[in-house]
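Try each task before reading its solution.

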Amino acid sequence: MSVAVPRPLIGLTCCRSTLKQSPFHITGEKYITAVLDGAQALPLLIPALGDALPIDDLLDRLDGLLLTGSPSNVEPHHYDGPPPPEGNPTDPARDATTLPLIRRAIARGLPVLGICRGMQELNVALDGTLLQEVHKLAGRQDHRSNPADPLERQYGPVHPIALSAGGWLHDLAGSGEVLVNSLHGQGIDRVAPGLGIEAVAPDGQVEAVRLKGADFCIGVQWHPEYRFADNPVSQRLFAAFGAACRAFAARRAGLGAAAPSIGAGIAA
């Protein structure tokens, strides 16, 4: 008789926001749904408590880590960047939580998926740098969305990205180009040591990175979680993430499961 394999437990990073003069720790439901239904995993929200969060106790229980997107930006002092532009939204409590969390998760070999701000956090945590206002650079396009637009337009496909030949995403997508949405003002400048570029926008902006040698450590600048079930590449991305988390859980339990292939967990 076969034994049912429990769903892996994936931690989702939260932002710290003030509502009615009280701190709240929040993340978008779209990330939760993508983990629950796309990765076939259990989502666990990680509060942005900084040093008060016992990271190692948390990681002892997690099988994967999803670095969510956010309206806020990583504070530039974390990568020796210039002073931020006026009105730059920040979340120091999130920075204090996610940056050490990423480093320790990677040290354990935990599967990691970073989305938008999450990809930028991954880059900064591994000693890369960011551009604070991509749209003001010569030759770069405006990657921001219009917040007044309906969500369908904000998250609709905006531009193609070129997937690096022989890269993980190239194999996942089965092609050299895909269309993505675009809702970011900041982006990667210097790619962190150890990260390889997986995709670039037509203006040369880095759109995806992967940690070399890791079983699963991917960052994407777009938002695959939005209506992921309607996009075959997004489906494959979350299915592969879930498969990597299940393999990690099995290895930790001593079941000896090998790291999954790119197509693992994806229905034919």
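Buried means under 20% relative accessible area, exposed over 50%, and partly exposed in between (1.4 Å probe, protein chains only). This is a predicted model, where local features need pLDDT of at least 70 and side-chain atom pairs count only at pLDDT 80 or more, while totals for chains, interfaces and linings use all residues. Residues are numbered from 1 along each chain as its sequence is written, and side-chain values use heavy atoms, with hydrogens and water left out.

**Exercise 1.** Find how the side chains of Asp95 and Arg117 meet, and decide whether the two residues are buried or exposed.

Solution. Start with the pair: a salt bridge joins the two side chains at 3.0 Å, N to O. The term requires a side-chain nitrogen of Lys or Arg within 4 Å of a carboxyl oxygen of Asp or Glu. Next, Asp95 sits in helix H3 (residues 92-108) and Arg117 in helix H4 (residues 117-125), so the pair ties together parts 22 residues apart in sequence. Helices are DSSP runs (H or I, at least four residues) and strands likewise (E, at least two), numbered from the N terminus. Finally, both Asp95 and Arg117 are buried.

**Exercise 2.** Work out which side chain Arg227 meets in a salt bridge.

Solution. The partner is Glu152, at 3.3 Å, N to O. Arg227 belongs to the loop between strand E13 (217-220) and helix H7 (232-252), and Glu152 to helix H5 (residues 151-154), so the bridge ties together parts 75 residues apart in sequence. For accessibility, Arg227 is partly exposed at 46%, and Glu152 is partly exposed at 46%.
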